[in-house]
Amino acid sequence: MLTQAPKGTKDILPEDIYQWNYVEKEFSELCQRFGYKEIRIPVFEHTELFQRGVGDTTDIVQKEMYTFQDKGGRSITLRPEGTAGVVRSFIEHGMSSLPQPIKLFYKITAYRYENVQKGRYREFNQFGVELLGAADPSADAEVISILAMFFEKLGIQNLELNINSIGCPKCRSKYNEKLKEYISQFLGDMCDTCKDRYNRNPMRILDCKEEKCKTLMKDAPALLDNICDECRTHFDSVLEKLDAINIPYNIDKGIVRGLDYYTKTVFEFVSKNIGTQGTVCGGGRYDGLVEECGGAPTPGIGFAMGVERLLLEMQSQSIEIPKPNPPDIYIGAIGHKASLACEKLAWELRRQNITCIKDIMGRSVKAQLKYADKIGARYVLILGDDEIESNKAKLKDMQTGETKDITLDTLINRLLKIKG
Ligand code: HAM
């Protein structure tokens, strides 16, 4: 136990971190290109925020939250997603009085007590975007286009964009009656959670993961066939805008999403390469959420992407992520005087932006050279008393095996020139 991470969590090890740094940097850069600013929100929030925001009849709230009482007796929950926290922050910091819209992006860990499998973890990472204050269909298209451009930028191909509209509360109340009528024929055969949802939130039944419920719901009426004129016009306009920027999509009437806050547009980018957990990202419009959480009515739309799934997809498409450069130079020292000179030289080199590794193990010269080779240092320089006195040393190019006599004073300039 002590030496094993809890189920569903994992370490991101130093040899893999470059992949994370790379996608994080690409994501941040792209979001900023679209005018989005980064926000950092707390890992935990008051439980009520998620009950209200995500919805207390969703699987996330009913089955998957990490909830506990803190020492002050408050009910606290580790965030299962980022949207509710961002919306809470939007309200708390009076962002509605800033020039609208508010365009935010985030990179977070999230926590859900789920059955662990490939692509599904209990602690996972999301990149997300939330656009608040824009009701126009262009906002929907913009948010989706960030994703399409991100995948293009990373070289990811063939992710399918599935899109749907789940209407507004107006069209949904009529639809719920239709749905209940359909479900009433076999309600007795459904799981207990669905029975409970029947009266509280029948649409949630469409999202049940139990096989028997899924089969029973196969021919349920689709919400897209029952949305009001305003929602239809909005949806058609979103599709028209996606057409204008050549983003292909499939209209998928089956998308309901597992969170309650959605209205109108919902979408997912899905991969066929990474197994059953193929939804790399999902999102949609949530025009009632800010109000639900206690703010003034404000439209919103956003998405979140699972970073583990993104990386799995990149691996499955054999996309090479640039590896970090090995150290520019390893400086070894023989003897006390040389080791002091080595301290000074390493300090100066690092100051000049040169990656320099030096002996801090008191190793023999032979062992130092072996180590320099193992860590892939580009150049190696060994300093002894003679080198200090003569101000000259041998610089070994580890790629070519060539050794050159150099004056120590010129080392920094020489390395800077080589680095370009
Ligand atoms: P979500 O569909 O629950 O939406 O999660 C978004 C993405 O997070 C999923 O598509 C998946 O890639 C990843 N994900 C979810 N759960 C797990 C898990 N257990 N393990 C690994 N990856 C996972 C949301 O979270 C919404 N907040 C998205 C949103 C933002 N909608 C509007 N704005």
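The structure holds 12 aromatic pairs, where rings of Phe, Tyr and Trp (its six-membered ring) pair if their centres lie within 6.5 Å. This is a predicted model, in which local features need pLDDT of at least 70 and side-chain atom pairs count only at pLDDT 80 or more, while totals for chains, interfaces and linings use all residues. Residues are numbered from 1 along each chain as its sequence is written, and side-chain values use heavy atoms, with hydrogens and water left out.

A pair of aromatic rings is described by the distance of the centres and the angle of the planes. For phenylalanine 27 and phenylalanine 150, the centres are 5.4 Å apart and the planes stand at 75°, so the pair is edge-to-face (planes over 60 degrees apart; under 30 counts as stacked, and the rest as tilted). This pair links distant parts of the chain, 123 residues apart: phenylalanine 27 belongs to helix 1 (residues 17-33) and phenylalanine 150 to helix 5 (residues 137-154). Helices (H or I, at least four residues) and strands (E, at least two) are DSSP runs, numbered from the N terminus.

Phenylalanine 27 also pairs with phenylalanine 303; their centres are 6.4 Å apart and their planes at 75°, so this pair is edge-to-face. Phenylalanine 303 lies in strand 11 (residues 300-306) and phenylalanine 27 in helix 1, so the pair ties together parts 276 residues apart in sequence.

How accessible are these rings? Phenylalanine 27 is buried, with a relative accessible area of 0%, and phenylalanine 303 counts as buried at 2% (buried means under 20% relative accessible area, with a 1.4 Å probe and protein chains only). Ring pairs link Phe27, Phe150 and Phe303 into a cluster that also includes Phe105, Phe127, Phe151 and Phe269.

Technical notes. Buried < 20%, exposed > 50% of the residue type's maximum accessible area, 1.4 Å probe, protein only.
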